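Here are my notes on the model you asked me to look over. Have the sequence and the structure open while you read.

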Amino acid sequence: MLREIFIGPLRHWLLLIGALGTLWWMGATQLHTHNFKLFLIILFGLAIAVVATVVFNHNKGERITRETLEDD
């Protein structure tokens, strides 16, 4: 049942949890108010790491959407 709700590989969900945890930590410590340059470096680095991980570790044939994608 949970497999139908959480579509995608476990590594993507763990990556999402890690990114959200990092964003929460930056907000909780108010990093954006006292060290904005470090905040931006972490934010851009996190974004690049998440996108690169998803793009380069994608296996052909993995289910990523509920509906099938049709070729035109």
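1. Confidence first: the chain averages a pLDDT of 85 (pLDDT is the predictor's confidence in each residue, from 0 to 100), and 81% of the residues score at least 70. This is a predicted model, where local features need pLDDT of at least 70, side-chain atom pairs count only at pLDDT 80 or more, and totals for chains, interfaces and linings use all residues. Residues are numbered from 1 along each chain as its sequence is written, and side-chain values use heavy atoms, with hydrogens and water left out.

2. The chain has 4 helices and 0 strands, in the order α-α-α-α. Helices (H or I, at least four residues) and strands (E, at least two) are DSSP runs, numbered from the N terminus.

3. Of the contacts (heavy atoms within 4.5 Å) with a separation of 6 or more, 56% link residues 24 or more positions apart.

4. Is Trp13 buried, exposed or partly exposed? Trp13, in helix H2, counts as partly exposed because its relative accessibility is 30%.

5. The accessible surface comes to about 6300 Å², with 68% belonging to carbon and sulfur atoms. Areas come from the Shrake-Rupley method with a 1.4 Å probe; for residues, only the protein chains shown count as cover.

Terms used
Buried < 20%, exposed > 50% of the residue type's maximum accessible area, 1.4 Å probe, protein only.
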